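Open the model in your viewer and keep the selection tool at hand. This tour goes from one stop to the next.

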Amino acid sequence: MDRISDFRSDTVTRPTEEMRKAMMTVEVGDDVFGDDPTVNRLESLAAEMLKKEEALFVPSGTMGNQIALRVLSDPGDEIILSDTSHIIQHEVGAAARLAGLQTRTLKTIRGRMDPDEVKKCIRGEDIHFPKTALICLENPHNDDGGVAVSPEYMKEIKAIAESEGLHVHLDGARIFNAALHLKLSAAELASYADTVMICLSKGLCSPVGSLLLGTKEHMKKARKIRKMLGGGMRQAGILAICGIIGLTKMIERLKEDHERASAFADFLSDIPGISLDRESVNTNMVYFHIKDNMRVIRTLEEQGILVIPHGDRVRVTFHNDVGDGDLERLKKAITDYTGKLL
Ligand code: TLP
């Protein structure tokens, strides 16, 4: 097969030319000793951009989320979060296994839990009850269509948490996608949470790495937990330099992914036999329903077009390594496939 059009995830993005070149010459040190100047520069840059006191470079988004859970809760506590959040669906049960938490999951619609339901779930003191420690948000909400969730909603949840003495963690793996769509700063979204995890290795094209951000005190605790989990890296500047390039040069480009996702969603909306929640498509992902989704996925794969299943849906993700040519190829393959079904 000559060409692969890989729409499986924005995690498949390869580092840009500039990143590869910068990796060759970047200054490095041992980050466990706090000696890597490039990691330190990345952490300061991210903290400044998101207006948090400190940032911590971690190997993956999953580790960032899991460290946050440990920082903001004690084993045996309960956390409230979306039933389709990444923490629930895609982190191998780590909240239970690594942080010892009980999870209270709530239905989400377009990335939002019902604030009244959230309130009802917060437990008072009772000898039988676990302590409610934390509410987790995700923005954009991946499983609900990569949908960007409004700042008003986040503010409402933060106010509920504050009034009950709870913390809020934001899984902001694609926070810049959400901020671009909502036309506000990532710092504003981050302001509605105590800790925020952001990924560098998705639309921003870094090969590896995420950041956890929060107060100095929380990040001190987080640094130790990262070490315990085996996430203390040594000459990690070689990766951090890509994160710096991602944060300074790759954010605006995400708009192109949103435009392609939106064009693709419009295209799908006109095809009989395909259904999607058009309103939830506002960042770089398109989820759609089609009968026997695995069959479509296999047919596309035979033509070198890669997409993934998500339950009974198909997910298509736009990113730096797929352009207009790939989109046209995908549209043609879907037209051919659905044409044959009619
Ligand atoms: N998401 C991946 C898969 O794990 C599903 C993807 O292809 O979308 N939070 C959110 C909202 C995410 O979407 C992801 C990755 C993570 C956390 C975890 O990041 P990594 O893969 O760096 O552990």
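The model you are viewing is predicted.

**Stop 1: the pocket lining.** Select α3, β7 (195–199) and β12 (308–310). Each of these elements gives at least two residues to the lining of the largest pocket. Which element supplies the largest share of that lining? It is α3, with three residues.

**Stop 2: the space itself.** Now look into the largest pocket. It holds about 240 Å³ of space. In total, 20 residues line the largest pocket, and those closest to its centre are Thr 11, His 86, Asn 142, Arg 174 and Lys 202. Color the lining by class. Rolling a probe the size of a water molecule over the atoms shows where empty space is left.

**Stop 3: the ligand.** Show the ligand next. It sits in the largest pocket. Its shell has 15 residues, and the ones that come nearest are Ser 9, Gly 61, Thr 62, Asp 171 and Arg 174. Helix α3, residues 61–72, gives the largest share of this shell, three residues. By class, the shell around the ligand has two nonpolar, eight polar and five charged residues.

- Ser 9: a polar side-chain atom is 2.7 Å from an oxygen atom of the ligand.
- Asn 142: an N or O atom of the side chain lies 2.9 Å from an oxygen atom of the ligand.
- Asp 171: an N or O atom of the side chain lies 2.7 Å from a nitrogen atom of the ligand.

How much of the ligand's accessible area does the protein cover? On its own, the ligand has 510 Å², and the protein covers 83% of that.

**Stop 4: two backbone details.** A cis peptide bond joins the pair, with omega about 0°. Pro 140 is in the loop between β5 (132–138) and α7 (151–163).

Then select Arg 110. Its phi is positive, near 45°, and this residue is not a glycine. Arg 110 belongs to the loop between β4 (102–106) and α6 (115–121). Why pick out these two places? Most residues other than glycine have a negative phi, and most peptide bonds are trans.

Note on methods:
Residues are numbered from 1 along each chain as its sequence is written. This is a predicted model: local features need pLDDT of at least 70, side-chain atom pairs count only at pLDDT 80 or more; totals for chains, interfaces and linings use all residues. Side-chain values use heavy atoms; hydrogens and water are left out. A residue is near a molecule or strand if one of its heavy atoms lies within 4 Å of it. A polar contact is a pair of N or O atoms within 3.5 Å; within protein, one must be able to donate a hydrogen and the other to accept it, and residues adjacent in sequence count only if both atoms are side-chain atoms. Accessible areas come from the Shrake-Rupley method with a 1.4 Å probe; for residues, only the protein chains shown count as cover. On a 1 Å grid over the protein atoms alone, a cavity is a set of points where a 1.4 Å probe fits but cannot get out, and a pocket is an open set with protein on both sides within 12 Å along at least five of seven lines; lining residues have an atom within 4 Å of a point. A molecule sits in a cavity or pocket if more than half of its atoms lie within 2 Å of its grid points. Helices (H or I, at least four residues) and strands (E, at least two) are DSSP runs, numbered from the N terminus. Ala, Val, Leu, Ile, Met, Phe, Trp, Tyr, Cys and Pro count as nonpolar, Asp, Glu, Lys and Arg as charged, and the others, Gly among them, as polar. Grid points are joined across faces, edges and corners, and a volume is the space filled by probe spheres set on the points.
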